[in-house]
Amino acid sequence: MARYIIGRLISLIFVLLVVSFIAFTLMHAVPGGPFDTGERRLPEATRQAQLHKYGLDKSIPEQYVRYIWAVLHGDFGVPFQSPNDTVLGLIARAWPVTIRIGVPTIIISFTFGTILGFIAALRQNTWVDYTVTTVATLGLTVPNFVVATWLILILSTQLGWVPTGGWGEPKNYIMPVIAYSLAPTALVARYVRVSILEALHADHVRTARAKGLSEQRVLRHHVARNAMIPATTVLLPEIPNILTGSIFIESVFRIPGIGRFFVTSTTSRDYPMILALVLLVAAVWGLTYLITDILYTILDPRIRIGGGSMRG
Amino acid sequence: MNEKNSLSEVLDQFPKDDPLSVSRRRFIAAGAAAMATGFLATNAGAAPLQGGRMATALRQGTPPADAAPPEKQLIIFPADVGIAKVLDFYEQVYQRPFVADLFSEPLVRMNREFEIIPGVADSWEGSEDGKTWTFKLRQGLTWTDGNPLTAADWVATFQYAANPEHAWDFTWFFRDVITGWNDAVDGKAGIDKVGVAQGASEYELVISTDVPAPYMPAMMLYSLPLSAAALKEHGSGVYNSDPATAVSCGPYVLSEWTPQQQIVYTKNPNYTGTMNVMVEKVINRLATPDTYFTMYQNNEVDYLEEPDPASLTLMMGDEATAKEVHSGVGDFPTWYIFFDVTKAPFDNKMVRQAWSHAIDRDTLKSQVLGPSGTPAYSWLAPGFPASQREALQDIQKFDPAMAKDLLSQAGFPDGKDFPKQTMWLRAPSPLDKTVAGALSAMLKENLNIEVELEEHDSAGFTAALNAKPTQILLGWVRYGMDYLDPSNMLSVWKTGGRHSWSNPDFDAKLKEASEYLGAPEERIKLFQEAERILVEDVPAVFVYHGTRVQFIKPWLKGDFLTPDKNGISAMHWPAYTTMDTVPEEIYVSSDAPDRG
Amino acid sequence: MATTDATTLSASVEPTLGVRRKSRTNFQLAKQRFFRQKLAVVGLVLVVLFLFCALFAPLLAPTGYADANLMDANKFPSREFPFGTDTIGHDMVSRVIYGIRTSMVVAFSAVALACLIGVPLGLAAGLKGGLLDFIVLRLVEIMTALPGILFAIFLMSVINSGAFKRIFVGGQVMNVVVVIGITSWVPLCRLMRAQILQLREQEYVTAARSIGATEYRVAVSHLLPNAVPPLIIAITLAIPAAIFAEAGLSFLGIGINEPVPSLGKMVSDSRQYIQLYWHLGLFPSLAIALAVLGFAFLGDGLRDALDPRQI
């Protein structure tokens, strides 16, 4: 197991390198640079001077190598959009904000979702099931920026209960978390329902019931455990998804998190910032998959990891 | 209207030893180009150079009766969080928040009537050949670090601007104008050769130009200096974007910059200048533009400009809020469809003409623009010097029959075989999208041509437009003035300017007009001839002039809303900066709610 | 989901009992189970409705999607314009119908592309294991690690700039399909692989192998049929995800170009007008919501129907 984990960590580093290279190349392939602002054509000399100032006049491979070298020394550079800051500084300020929105979202959506999914599964094909499923699915049917806009209209402009957006007070959490939780809640509810149903009807559960075990014991020991596997595949990745922020939610509610940075950095071609964000997201996802796969083995020893073949 | 006479009357009012007194002939030569180019040739009235009664009252230190106490003298402006990078004009022009130019004052300013009035320079004169400009600076002004404000600050700033290591994004502005500028920018000569130098004393600044430049005073609207001492110490102008190292000689200092949230300016307690501002605190609230209106409705900002059509309709629909809607000329922008005239099918003039006749600007105004714009058939907006809308309005007028006919003659009867077009839009606002959609529908209806609309962000669009050769075949964009002179607006269309159109007649006429030193009326005529060439050749279909709509909360009061001689009541461009008189003419009334 | 053995079992049981009992195929059983669930039926009806809309849009819509009369702009729903008109004067009914067509075309094409990429990769990784599995897993990690939105923005910008215009013919719609397809194959691949991993350890597979079935036969006859149902469900649920992806791209301004209508673009453009012209956002939102709901219920129904253990 330990060997497996170390192996995965090494391959994660490899993945990060590849990801950074892809992002780097793509980024520079997008037309327009950080200095294509303004209304008039700049004199060629000034253009070259600008590129030179930020090291952008060198070849792409050379820029990439320089960048990686700096990163290995912990230097992620200075963001173009904030020359008085550092990339790490910006991210260190912005990510906690996103996480502060993300954690309540995760808690609320997973709790509510599981409860809803349970209810629906145990009352399968009754009106309770239909209602819960429909309501849950509705959370997935409307894009979150639409929900966000309606929320602002009702809760803020009409009723005046909360400010329209911004950051700094507990009140600022309410709308973003609501808007953000709808989709994950629905997702969790649906998958919990399905997983429980599948497990409920599994052979070994029928056997357990036939043996005379109490429903509760059946549920706890036999159903829940096996329901966790597909649930894990689908639901665990929701966590890094939520923790890396939603650009829509953060834009609409003016939250200074990393989600909003994605868009503003891309639009302004802030190369150091974009790369740092990409690496951040890549690292988070890589670690999540590692944890997911480890949990897989713990939950279902039948699945052999690490290269089982048909040699049986 | 006899400009010279009214000026004489005005000038005769000043006693000889008044610092505002200027030699009559020199003043006319220098200032007439800016002041009397047809826009405001009128008797400027008593104390014309001091911005009106209100400013006088303020200068004398009596706040208006309904003003809020100092702790509540606060204005909040929304600013685009995506482009709030630095604060100083001479550090970077295009990536700054909405309110930025408050830490120093330019040589000249603009008042509500778009007249050039003294800023830090209380007088200026140009030489006979128009190539040497001497600005005499007011004395006794200091920076917050104790250093005096002298010509050395301007010299350092201009040299910094020309320095290739700085790579200033506005270097085109002085190109071919100031001596030694081109060579310095291109790296061929040192920045010390730039033609901005100290004159006879440290309170005299001399600017030398390669060509006669009667528009120089108007250009000097853009002359906000950085501190020479701070530039020397920090090596760049970024020092002014950090409260810890910021240095100001203007009416405000930078007191807070919370990234992604807000930027706060407070009144400079050590201010030694002449601007008498009432507002104690100015805040830039950073957000994405699509959230501005919601903030405005919730009193989280006090001002909003260029609203989307829905917000405008909402505000106009209610009697109370309709009073907060103001419409002005902004920076006299013109919105136009442009072509790459070097590529088919737009290399055919008849095609371009057909397009110009297929756009129903009046319906566009009534159904889409409303107060946000007025139909355009030519380049210079009404009110802009040398503008001649009536004379040119038939050249590109709406005439669907003529449009169809021309298209036929060009080889595409009823739009048959006309290649499907994609119109590039630059970071369009909701209004831009609607207008572009309407244009697309009109072209389909009147010419049977399909036009797809493609949105691009600013960087991508600009890169494609400025590429050599340009990559945009068809696009929709605007241009608003940099300073109030026809040479500025028309230079967009000279060869090597913004677009691929190149017309030697136009270039020659434009050059002739820009360097003309004779009678202002003649100068105007020359510019008008140039504009005629432009409009007749149709490198662009001019669609509308933006009339900047602003929402201003009712507790922002003062002379800044007093109608100007054209009856316009709005916060004049460039809004809250030391480049104009707005900061002196605005205060917050006591009925303002608690906010910020 | 051991469906194969059930077929063979019932076939072998019959003659011995000597009773003529109508043997129902698995498909019929599944169909029965499907129609027993009300929500699944609702889903099916919705999906069929939308597909119908998409196929027969020119016949159903009162006007073309680009026909606009500025003088009719911003009208609220009325008898003449049941869904109202938009800011340029398009009839919203036509826009929504054609918008449904665009959404269906984009979603189906994108998901098809995603399947083409993801399914073979997942299958191969799960079956072969070893180095291939390793590579695919790393590929999956890389694709997931690249933030989808960022990747989509990059791809769209690069494609739009004309760098690949010679390869990607077909206009903006094709570009959007390609981008969504490239960014959504990963879940399908992962699912396929996970299914294969789980299935190949099942007893009947061991049994098949022990009687000498070749790898290929095991894959095709035993694994694939059992892996298909979850795949179908995943596809059914990937369609609304694609619709959303397109809406997200439109929100950022890099999706389908006007005047081709896109429900997502209509919804995101209507945000600004929500206080005033509520009808601009309402009908496209409803269309998206119903489409997603329909596919989701259909997918749920399929999943429940194809599980033979449910009685």
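## Basis and confidence

Because the model is predicted, local features need pLDDT of at least 70 and side-chain atom pairs count only at pLDDT 80 or more, while totals for chains, interfaces and linings use all residues. Residues are numbered from 1 along each chain as its sequence is written, and chains are lettered from A and ligands numbered from 1 in the order in which they are written.

The predictor's confidence in each residue, pLDDT, runs from 0 to 100. In chain A its mean is 81, with 89% of the residues at 70 or more. Over residues 306-312 of chain A, pLDDT stays under 50, and the model has 10 contacts beyond four places in sequence for this stretch. Two residues are in contact if their C-beta atoms, placed from the backbone, lie within 7 Å.

## Chain B

Chain B has 19 helices and 21 strands; these are DSSP runs numbered from the N terminus, helices being H or I of at least four residues and strands E of at least two. Of the 596 residues in chain B, 56% are buried, that is, with 20 or more other C-beta atoms within 10 Å of their own, C-beta atoms being placed from the backbone. Among contacts in chain B between residues at least 6 apart in sequence, 72% join residues at least 24 apart.

## Contact of chains B and A

This contact takes 42 residues from chain B and 39 residues from chain A. On the side of chain B, helix H8 (292-297) and helix H16 (458-466) are the elements that give two or more residues. H16(B) provides the largest share, 7 residues. By class, the side of chain B has 17 nonpolar, 16 polar and 9 charged residues. Ala, Val, Leu, Ile, Met, Phe, Trp, Tyr, Cys and Pro count as nonpolar, Asp, Glu, Lys and Arg as charged, and the others, Gly among them, as polar.

## Helices H3 and H12 of chain C

Residues that meet across this pair include Leu39(C) and Phe50(C) in H3(C), and Leu290(C) and Asp300(C) in H12(C). The contact has 14 nonpolar, 3 polar and 1 charged residues.

## Contact of chains C and A

Here 48 residues come from chain C and 46 residues from chain A. Among the elements of chain C that give two or more residues are H3, helix H8 (171-200), helix H10 (215-251) and H12. The side of chain C divides into 24 nonpolar, 13 polar and 11 charged residues.

Methods. A residue is buried if 20 or more other C-beta atoms lie within 10 Å of its own, exposed if 12 or fewer, and partly exposed in between; C-beta atoms are placed from the backbone.
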